[in-house]
Amino acid sequence: MITKELFGHLSDGREVYRYTIENDTASVSILSLGGIIQSLCVPGRDGKKYDVVLGYDDVSGCEKWRTNYFGALIGRFGNRIGGAHFILNGKEYRLFANDGENHLHGGKEGFNAKLWTVEPQGEDTLKLLLFSPDGEEGYPGNMEVTVFYKLTGAALDIHYFARSDADTVINLTNHAYFNLAGEGEGTIADHLLTIHADAFTAVDLHGLTVEKVLSVEGTPFDFRTAKAVGRDIEADDEQLHFGGGYDHNFVLEPSHDLTEAAVVSCPRSGIQMRVSTTQPGVQLYTGNMITPQTGKHGHPYGKRSALCLETQHFPNSMACSSFASPVLKAGETYDEETVYEFSVE
C-alpha cells in the first residue's frame, strides 16, 4: 500500500510530500525533497518495529541540517572531486567547492536539495524523476534521472537510471544513516560489521580519495570477518586520523550483477542488514562529524549515532586513471542498483 501526505513547506513556500510504502513486514517513507528516506521501519527480535534511519520530523529540520544528507539521494556526483574540477574530452569543468577546495555530494545545491517528481507504481514502488540542466553546478549535459524505490517484504531496492545528451560524469548513491538499534538509540559502536573487501582507497588529510589502494590485511580496516564497528575505530592509524574514524571507500569485487557487499547487525535489537549492489565500491562512514542535534521524536543525535554504507563509484575517480571511469557517454544509460535487506538474527 502507498499513501501520500503533505509533509510541510520549504522556507520559500514550496510543498514537500511524504510517500509511504507499507506491507505486512515493513514500511518506508520517502520525501519528494531530495528523495529522502525519512523513515524505514523493520521488525526486531522482539517483534516490534524499529525505525532504523536518522532523520527529521519536519521540513525545517531537513532544511536546517541539509548538509548532513540524512537519507538523501546524492548527485550528480557522490563523495569528493578534488580541486572542484575535472577534465573531460580535453575540456576543464569547474564545480562548486563546498568542502574546502573540493566538491562534495553534488555541490552547493545537489540532488539532495531538489524537489523530485514522485509517481507511485503499483502497491510497492515509487518512481522519482529529476531533470538536471546543462551547466548545473558546473556539470555538462542535460541529464534526466530516474530512481525507483521498491519495498518487498523487509527489502528496500533502490534502482538508479540516468541519461545525458552530452558526455558527463555521474556517481549516484543514497546517504541513509543506519542505527539498527533504532534511530536515537545510542551509537553504532556495538554493531557487528562485515565488508567483503580486501582493500580500500586511501584519503589525504582533507578526506579526499587519492590514487592509492591499500590492503586491509593487518589494519583496522579489515572487516572481512564480522567485528564491532567500535573495536578499532580509535586505533593509532593515519587513515583513521584523517577521517576522524571510518570514512573510506572499500573496493568490492568487480561485477555487473547484484552482489553482497556488506552485512551489519545489532546485538541489541537482533536486526541484521545485508547490502547488495552492482557498484564497484562502498563508503563506510561512521557518523564521525554528526554534531549534537535533535532528530525524530526529540531523540538526540551526535557523533557516531549511525553509520552509512554508500554504494558508489570510487570518489575522485576522474583524477585517478586506474579507477573505473565515472563517465557517462551521451545517449548511454547509467544503470546501478542497491538493495538493503533486513532480517532478524
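Author: Helices (H or I, at least four residues) and strands (E, at least two) are DSSP runs, numbered from the N terminus. This is a predicted model, in which local features need pLDDT of at least 70 and side-chain atom pairs count only at pLDDT 80 or more, while totals for chains, interfaces and linings use all residues. Residues are numbered from 1 along each chain as its sequence is written, and side-chain values use heavy atoms, with hydrogens and water left out.

Reader: Where is Glu-137 placed?

Author: Glu-137 is found in the loop between β12 (125-132) and β13 (143-152), and its phi is near 60 degrees, a positive value in a residue other than glycine.

Reader: Why does His-297 count as exposed?

Author: Exposed means over 50% relative accessible area, buried under 20%, and partly exposed in between, with a 1.4 Å probe and protein chains only. His-297 has 57% relative accessibility and therefore counts as exposed. His-297 belongs to the loop between β25 (293-294) and β26 (300-301), and His-297 also has a positive phi of about 60 degrees, although it is not a glycine.

Reader: What makes β18 and β19 a pair?

Author: Two strands pair if DSSP finds at least two bridges between them. Strand β18 (residues 199-203) is joined to β19 by four bridges, and the two run antiparallel, with Thr-201 standing opposite Val-213 in β19.

Reader: Which strands form the open sheet, and in what order?

Author: The open sheet has five strands in the order β19-β18-β21-β24-β27, with antiparallel pairing. Because β19 (209-215) and β27 (308-312) each have a single partner strand, they stand at the edges, and one side of each is left without a neighbour in the sheet.
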